[in-house]
Amino acid sequence: MRKEIIKIFAVAFFAHGLLTAQSPTQLLSPHTEAKIDSIIKLMTIDEKLGQLNQIGGTWYDTKTERLNEEQTALLKAGSIGSFLGINGAAETGRIQRIAMEETRMKIPVMFGADIIHGFRTITPIPLAEASSWNPELVERSARIAAIEGAAAGVHWNYAPMVDIARDPRWGRIAEGSGEDVFLGSAMAAARVKGFQGKNLLEYGSLLACAKHFAAYGGAEAGRDYNTVDMSERSLREIYFPPYKAAIDAGAWTLMSAFNEIGGVPSSGSHWLMTDLLRKEWGFKGLVVSDYTAIMELLNHRIAKDSTEAGIVGLSAGVDIDMVSRIYIYKLAEAVRSGKLSEEIVNEAVRRVLRVKFAYGLFNDPYRNAKPEKEKELLLHKDHRAVAREIARQSIVLLKNEKSILPLSTSTKKIALIGPLAGKEHRRDLAGAWAWVQNPDDVVSVIEGIASKLSSQTKVLYDKGCEIESDSGSRISQAVKLAKQSDVVIAVLGESQHVSGEAASKTDLDLPFMQKELLKALHKTGKPIVLVVMNGRPLTLQWEADNIPAIVEAWHLGVETGNALADVLFGDYNPSGKLPVTFPRSVGQIPIYYNHKSTGRPMVEKDKYTSRYLDSPNSPLYPFGFGLSYTTFSYSNVKVSSSSIKKDQKINVSVDIGNSGKRSGEEVVQLYIRDDVATVTRPVKELKGFKKISLNTGEKKTVEFTLMPDDLSFYNLDMKKVVEPGTFTVFVGGNSADYIETKFEVVE
Ligand code: BGC
């Protein structure tokens, strides 16, 4: 046996070229697949289950050895296939050495981590990055995250989160790309490409993991982990495509979601994990459960004990059990007693080994264990430059009455007010899922602003109040500073902790005392620029009615202060557009632009139409909205043909001019509506966007191509079809402001 193992590894070692993974919907070379089978033949049932067992380390503490005695013993016994939350080039190398030298099968372990928006160089939260509408830049941002993560010994990144979210009460809306399927799919693909690089085997690539499969963002009432119940049509049209886009872009792994869908928990859903993912989509990679999701099948009450939970999860197609330890402790007996077929175990192990081969771990188990690289690459200045660029492109200008912005650098006195403006809350600027090791990594707003100004300008700072607590208010001190100043910059919003996982909220106003502070500043009559920092759309109706300038800055990461100052003082003309609708009130949620018409579309003053008595239907700020310091004019929208056949494409062109006084970038958005169809279609759907830059007075023609797939939808038989009839095309700078034309599809 021993000899045979040595032989297998010798072959693995020299077969580098044969391992190259092209796509997660293809098997590896027949040679590598055969090798995987022969390895499986040599494994005991416990060793097989070991590959399906993932344990949590001590997370991001880099100072100590990360495995305790029990974990080390499990590792040596071959009972651990991967780790969660362990990093550090030296420590991961040390642990890998145990796997390679002290286990019988000598199968390398994988190190997984949540590098959601940067590792050490924290970039904007994904929702913010989606506001850039710049997939190339988002890919670069993901690339630097991967380079740093890999340098820190990580192999596998639990990102991107591609869950569509139409409910800002859900804290995890921060981790995704917002409400739209087209934008979300573009961002999903960009991130996968960035994480995985051109070639998974090259240094600096991480395995991507599209999560959370499926529809985790559809939680009822925006409450985290809550039930999802929706039609197969909505799943296929709105929620599934970003996972598919991630796979098409090369993602080798997926994470199963916590939530149930229509009575079946995702992590125990054979339909999702096998029928759809493996059979329909042809996915050959692996699925890892979310944290304790296998154990949670007990809470869902679809399994009476852990053995049953493990059998349901694995048989559904969830290959790796993240931290529940059910597979490793319960399934060997289930196989022995005939409750679980060993072939199901083998198939899961096959997928895990395939991914390890695809990532080149059999070739070089220590590929990322290079401490010198870790020192060189973390927080590299080139990475900071990318972080700054994407941070400024993520900022969305929501309001700018009387062109109060950009501010002049010759302003005499600026009052900088708010808990998020100073150095104290730098960690919060990094947002959810940011493992800021040193607050000094983050440029605060006060530092960013100071770096723009000469000694001629005085910046008077007071935090004004605490970020969440109602006690310790310093409103009177802040007001005093405001009164002495020419302009007030108020930096308010959410802390890191109220955004992300397990951070659902029913009240989306600014925290009470921060709003009191803003109202008091408003009473001074001074011009105010409100900068909001948050992980979700907030309800800003009062602010929109009363404050002349509003800047949506999200949580922007380590370059926050610099990026924000670039925008506030006009060194960068804002170009961000909202990837999610901003409601007027929580009562409007869920609110999204691509809704259906209903049988009684809203008619002003007609009570018996689909509307509210106490609120307009319209959002405060629509999807795709964002201002610039210049203005753009749209004209001359044209289609290449007034009628096309079902299998033909069509081009749309439009002229955009910069009619203002500064050069700037505009995100040109293309929406379509299938006017009449056999199933109801949304009032409009995004099908294209392009970010262009225009100098003052410049005009450009932008072209889009609509492919048959863009015009298709799932018919009553759940088949994707293009139906004959007219389509309306809308082109504009946001989803509510456009020019339009029509074309017809004929048989
Ligand atoms: C989250 C996942 C994450 C996992 C591991 C879970 O609580 O839902 O998104 O990848 O933890 O950290």
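This is a predicted model: local features need pLDDT of at least 70, side-chain atom pairs count only at pLDDT 80 or more; totals for chains, interfaces and linings use all residues.
**Close-up views of cavities, cores and sheets**

Figure 1. Residues are numbered from 1 along each chain as its sequence is written, and side-chain values use heavy atoms, with hydrogens and water left out. A cavity is a set of points, on a 1 Å grid over the protein atoms alone, where a 1.4 Å probe fits but cannot get out; lining residues have an atom within 4 Å of a point. The lining includes Ile116, His117, Glu129, Arg191 and Phe195. Helix H8 (135–151) and helix H9 (181–196) each give two or more residues to this lining, and H8 provides the largest share, three residues. Helices (H or I, at least four residues) and strands (E, at least two) are DSSP runs, numbered from the N terminus.

**Figure 2. Two nonpolar cores.** A nonpolar core is a set of buried Ala, Val, Leu, Ile, Met, Phe, Trp, Tyr and Cys residues joined through side-chain atoms within 4.5 Å; buried means under 20% relative accessible area (1.4 Å probe, protein chains only). In the largest core, of 96 residues, Leu52, Trp156, Phe213, Phe240, Val288 and Val345 touch the most other members. Helix H16 (residues 342–358) contributes the largest share of this core, eight residues. Another core, of 87 residues, lies apart from it and includes Ile449, Ile489, Met513 and Val529.

**Figure 3. The mixed open sheet.** Five strands follow the order E18-E26-E25-E20-E21, with mixed pairing; two strands pair if DSSP finds at least two bridges between them. Strand E18 (643–645) and strand E21 (685–694) are the edge strands. Strand E20 (residues 664–674) and strand E25 (residues 725–734) pair in the antiparallel sense over six bridges, and Tyr671 has Phe730 in E25 as its bridge partner.

**Figure 4. The parallel open sheet.** Here five strands run in the order E4-E3-E2-E1-E10, with parallel pairing. The edges are strand E4 (156–157) and strand E10 (321–322). Strand E1 (residues 53–56) joins E10 over two bridges, and the partner of Asn53 in E10 is Asp321.

Definitions and conventions
Buried means under 20% relative accessible area, exposed over 50%, partly exposed in between (1.4 Å probe, protein chains only). On a 1 Å grid over the protein atoms alone, a cavity is a set of points where a 1.4 Å probe fits but cannot get out, and a pocket is an open set with protein on both sides within 12 Å along at least five of seven lines; lining residues have an atom within 4 Å of a point.
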